[in-house]
Amino acid sequence: MKRLILLLSLFLIAGSAPSATAQYSELMGRVPKDANTVVLLNAEKIFSSPVAREGRWQQRRQAAFEAGVSALPPQASAVVMAARTDFEFGKSVWELSMLRSPDGVQIGEVANRFGGTVDSIEEKFAARLPGDHYLVQISDRVLAAHTPANRQDVARWLRGTDLSDPTDRHSGYLREAYRYATEVGTPLIMALDLEQVASEATVAERLGRSTTWNGSEEETRAAAKLIAGVEGVTLGVTFGEAVRGSIRVDFSQSPDPLKEVGKGLLIETLEKHGSMIEDFRDWSPSVRENTLLLSGQLSAEGLRRLLSVLELPASLAEAVDRVKLSQDDSPESLTRAASQQYYRSLVVLLDDLRTKGKRDGVKTFGQAAIWYGKYARKIDDLPLLNVDPVLVDFGRQTSDRLRDAEMAMKGVGMRTSVRTSGNNAGYVDGDYGYGGYRSYYGGYGTPYSSNVTTNFNVARSAVRAEQQADNVVRTQERVSGAAAVQQIWAEIDRASAEIRRDLTAKYQVEF
């Protein structure tokens, strides 16, 4: 989430869900008052919907979770994720993920599974785990993961939450998101409180660089004032016979001036940050009072892209999945099972990244680079305990290669800028100005009027030559960047085939 994701939100009208309040109340009661980001997901409602039944989503949940495709364990009935996000720098001050499971939860085995340290904080069973988070058993049915793993912060969080009214201390915008999830019944809500996030000067500067906005200076100032007054955005999805969504941006005044360009600005912003969903291009915009809306249907790929934000800590998901390691398991069997899971998850991540550009409409090297960096971090976060050391080293090398690809793609833009900066149309054969000072004045003793046409043609030719030179540079850098990335993928594929052969021979099971 970056500083000016000002045009992102989903608003959906759905039937009432009497159990929604019970699903969320205990979870929301643990969200700190300084949260400005929240995600609420009612898994029971989603997986019991007509579109889920037709697509056999419930039957596929376990396989998707075990393969690493889904971060949502099959036993989870509700999820709440919250954060205090620094929108200016795009980082979280703290993050909190909570799961409710009707079957109950436990974390004893998980602490062993991930090499954690068992603890007790504020009379709650806890475990400090690698990956900079604490796992805390809130109740028999609720488990939470808190990042960063600062014990004092975790203790203060537990002491300062769990109030009688789960939303009485949250911002008005997040309280409204909670109302949509409980009273309206929207099964998936993602809300950002953006009050006072951006200044008018910052917004005006960005509008000036926008390829969508072309208003006058006065119109730009008015639009900047309007956008800087954004109150928040909410993203959500309903599941009926089809999956539908809307994008809602709430302002302090009517956004009618953005009625014609709001959709374009949203798409431009999402493309810039590598978060575009192609379905949005077909959605219909509208303005209602102080809200800008964009509504339409989500495809299977669009929904999958949207749910990719649910990056729950692996330890939290596995705890709810009731992972148990028998004391009778031999070290070799533990290593074999852990290594198979690690390799399977790694392959799924690589396959997903390989097809992401075409699937999600990634159009620039800069957008693709963002996802290469994210997937490198996903690989780094895979559970390592009991995994074969050779496979751990392969995973580290793979994430390093993805970061190499990330830098190669980022370098395309930087190298292009450096090389094209030397193509100056104002300098022609040693003369300055359009055609140079000597040719501009026709040289010593030559009448000015006799050379106007010649000088204009020289200037036009110089500009055309600069544009052609720039295009050559851009093409060269793009080809070079694409070739570097292709070479990295070839290395990953060769190494993957080799490690698979070696592990299959070593453990006598398929990898």
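Modeller: Helices (H or I, at least four residues) and strands (E, at least two) are DSSP runs, numbered from the N terminus. This is a predicted model: local features need pLDDT of at least 70, side-chain atom pairs count only at pLDDT 80 or more, and totals for chains, interfaces and linings use all residues. Residues are numbered from 1 along each chain as its sequence is written, and side-chain values use heavy atoms, with hydrogens and water left out.

Colleague: Where is Pro-148 found?

Modeller: Pro-148 sits in the loop between β7 (142-147) and α6 (151-159).

Colleague: What kind of peptide bond joins Thr-147 and Pro-148?

Modeller: Most peptide bonds are trans. The bond from Thr-147 to Pro-148 is cis, with omega about 10 degrees.

Colleague: How do I read phi at Glu-122?

Modeller: Most residues other than glycine have a negative phi. Glu-122 has a positive phi of about 50 degrees. Phi of Glu-123 is positive too, near 65 degrees. Glu-122 lies in the loop between β4 (117-121) and β5 (124-129), and Glu-123 is in the loop between β4 and β5.

Colleague: Is Asp-388 buried or exposed?

Modeller: Buried means under 20% relative accessible area, exposed over 50%, partly exposed in between (1.4 Å probe, protein chains only). Asp-388 counts as buried because its relative accessibility is 2%. Glu-123, at 80%, counts as exposed.

Colleague: Which residues is Asp-388 in contact with, leaving aside neighbours within four places in sequence?

Modeller: Contact means heavy atoms within 4.5 Å. Asp-388 touches Thr-335, Ser-339, Leu-503, Lys-506 and Tyr-507 in that sense. Thr-335 is 53 residues from Asp-388 in sequence, yet 6.1 Å away C-alpha to C-alpha.
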